[in-house]
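Please load the model in your viewer and keep the selection panel open.

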Amino acid sequence: MRRKAVVLLSGGLDSAVALYYARKRGYECYCLIFDYGQRHKKELILARKISEASGSKLKIIRLNLPWKGSSLLDRTKGLPQNRTIREIKKGIPPTYVPARNTIFLSIASSFAEAIGAHDIFIGAHFEDSSGYPDCRKEYLEAFQRVIKIGTRAGLENRLRVRYPLISKTKKEIIELGNALGVPFQSTWSCYKGAAEPCMKCDSCILRAKGFKEAGIKDPLLIGR
């Protein structure tokens with residue numbers, strides 16, 4: 001019987017690579033997709049597509065965060081655009097959703113215990129950790145301690161958080177994803193849900209930089 005893993009899947013590039021990384025290592029993957037009131041539903045559609053393409057099971061969790069607190073949840077708040085890499089890496093951006101990964105990982109921990117999964121995969125990585133406090137290695141190590149002392153599976157050493165991309169740059173993540181056969185054409189990084197990436201928001205800029213440094217053409221930009 002294959003070992004089970006819960007994978008936090010957003011429809012973005014990083015979580016897709018984390019999913020394919022887990023699949024490559026023989027895990028039977030259960031994807032958790034969160035519909036939490038984000039600005040657009042495109043990433044949800046693509047997350048489902050990625051999950052199905054990988055042969056994984058999926059579960060969509062619907063949440064309501066009525067207090068907003070992020071430009072990803074509140075359309076009246078602007079998205080940062082046309083920032084330099086230095087500016088992007090400085091401070092916590094308005095796209096930060098308060099305690100989002102704490103909420104997601106808590107639900108993933110409960111789900112994992114219920115289905116007998118031993119591992120939770122999250123695509124958090126080095127470049128995001130400069131702006132988002134809940135993408136840092138220190139945070140993930142701390143959450144592992146929460147699991148260890150606050151869950152039955154943790155007390156019995158049967159549940160761990162895995163973050164295989166944490167020390168990688170976007171370039172390295174794209175190279176890994178390319179080697180694993182990740183369908184980049186089905187991933188979405190832009191904070192807007194338009195027909196094409198805006199190429200102005202922080203996420204688009206970091207994605208473009210990663211593909212350029214990896215020497216790989218982003219399939220979302222073919223013809224542009």
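**Stop one: helix α1**

In helix α1, select Leu-13, Asp-14, Ser-15, Ala-16, Val-17, Ala-18, Leu-19, Tyr-20, Tyr-21 and Ala-22, which are buried (under 20% relative accessible area, 1.4 Å probe, protein chains only). Helices are DSSP runs of H or I with at least four residues, strands are E runs of at least two, and both are numbered from the N terminus. This is a predicted model, in which local features need pLDDT of at least 70, side-chain atom pairs count only at pLDDT 80 or more, and totals for chains, interfaces and linings use all residues. Residues are numbered from 1 along each chain as its sequence is written, and side-chain values use heavy atoms, without hydrogens and water.

Since ten of the twelve residues of α1 are buried, the helix is largely enclosed by the rest of the structure. Next, select Gly-26, which follows α1 and has a positive phi near 90 degrees.

**Stop two: β2 and β3**

Select residues 28–35 and 57–62: these are the parallel strands β2 and β3, joined by six bridges (strands pair if DSSP finds at least two). Cys-31 has Leu-58 in β3 as its bridge partner. From β2 the chain passes through helix α2 (residues 42–53) to β3 in a right-handed β-α-β crossover (clockwise from the first strand over the helix to the second, with the strands pointing away from the viewer).

Key
Buried means under 20% relative accessible area, exposed over 50%, partly exposed in between (1.4 Å probe, protein chains only).
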